[in-house]
Amino acid sequence: MKIDWAALGSVFGVSLIATVALVGLFTLGIVGLSKRESAASQGDSATLAVTGAYACFAACAAAVAYGIYLIVA
């Protein structure tokens, strides 16, 4: 049995980068929604933060859907 260490390292690197990117996008979405909460308590509007949060959540959902598509196809 022979292990292709270069391919294993490549898969590990791509998986690590994708995981960090998805977690970062989701965290930005949560931060955007928390800005809405703090702005609402002060009587302000945080339209840009909420729009950015929804865009981050949509990007996360698209990445997950693409991953599922790659697995199923």
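Predicted model: local features only at pLDDT ≥ 70, side-chain atom pairs only at ≥ 80, totals over all residues.
The buried residues of helix H2 are Val50, Ala53, Cys56 and Cys60. Helix H1 is part of what covers them.

**Helix pair**

Two packed helices are described by the angle between their axes and the distance between the axes. Here H1 covers residues 5-42 and H2 covers residues 47-72; their axes come within 8 Å and cross at roughly 155 degrees. H1 is therefore roughly antiparallel to H2, since an angle over 145 degrees counts as roughly antiparallel. The crossing in which H1 passes H2 is left-handed.

On the H1 side, the residues that meet H2 are Leu22, Leu25, Phe26, Leu28, Gly29, Ile30, Gly32, Leu33, Lys35 and Arg36. On the H2 side, the partners are Ala49, Val50, Ala53, Tyr54, Cys56, Phe57, Ala59, Cys60 and Ala63. Sorted by class, this contact of H1 with H2 holds 15 nonpolar, two polar and two charged residues.

**Helix lengths**

Each helix can be checked for agreement between its residue count and its end-to-end distance. H1 has 38 residues, so at 1.5 Å a residue it should span 56 Å; its end C-alpha atoms are 55 Å apart, which agrees. Just after H1, glycine 43 takes a positive phi of about 85 degrees.

| Residue | Relative accessibility | Class |
|---|---|---|
| Glycine 29 | 0% | buried |
| Alanine 39 | 10% | buried |
| Glycine 24 | 30% | partly exposed |

Glycine 29 lies in helix H1 and, at 0% relative accessibility, counts as buried because the limit for that class is under 20%. Leaving out residues up to four places away in sequence, glycine 29 touches Ala53, Cys56 and Phe57. Ala53 and Cys56 are also among the buried residues of H2. The C-alpha atom of glycine 29 is separated by 8.1 Å from that of valine 50, 21 residues apart along the chain.

Alanine 39 also has its place in helix H1. Its relative accessible area is 10%, so alanine 39 is buried. With residues up to four places away in sequence not counted, alanine 39 touches Asp44, Ser45 and Ala46. Between the C-alpha atoms of alanine 39 and alanine 49, which are 10 residues apart along the chain, the separation is 9.9 Å.

Key. Residues numbered from 1 in each chain as written. Heavy atoms only, no water. Axes fitted to C-alpha atoms, helices over the stretch in contact; angles between N-to-C directions. Helix = DSSP H or I, 4+ residues; strand = E, 2+ residues; numbered from the N terminus. Parallel < 35°, antiparallel > 145°, perpendicular 65-115°, else oblique. Left-handed = near helix turned anticlockwise from the far one by under 90°. Contact = heavy atoms within 4.5 Å. Nonpolar A, V, L, I, M, F, W, Y, C, P; charged D, E, K, R; others polar. Expected span 1.5 Å × (residues − 1). Buried < 20%, exposed > 50% of the residue type's maximum accessible area, 1.4 Å probe, protein only.
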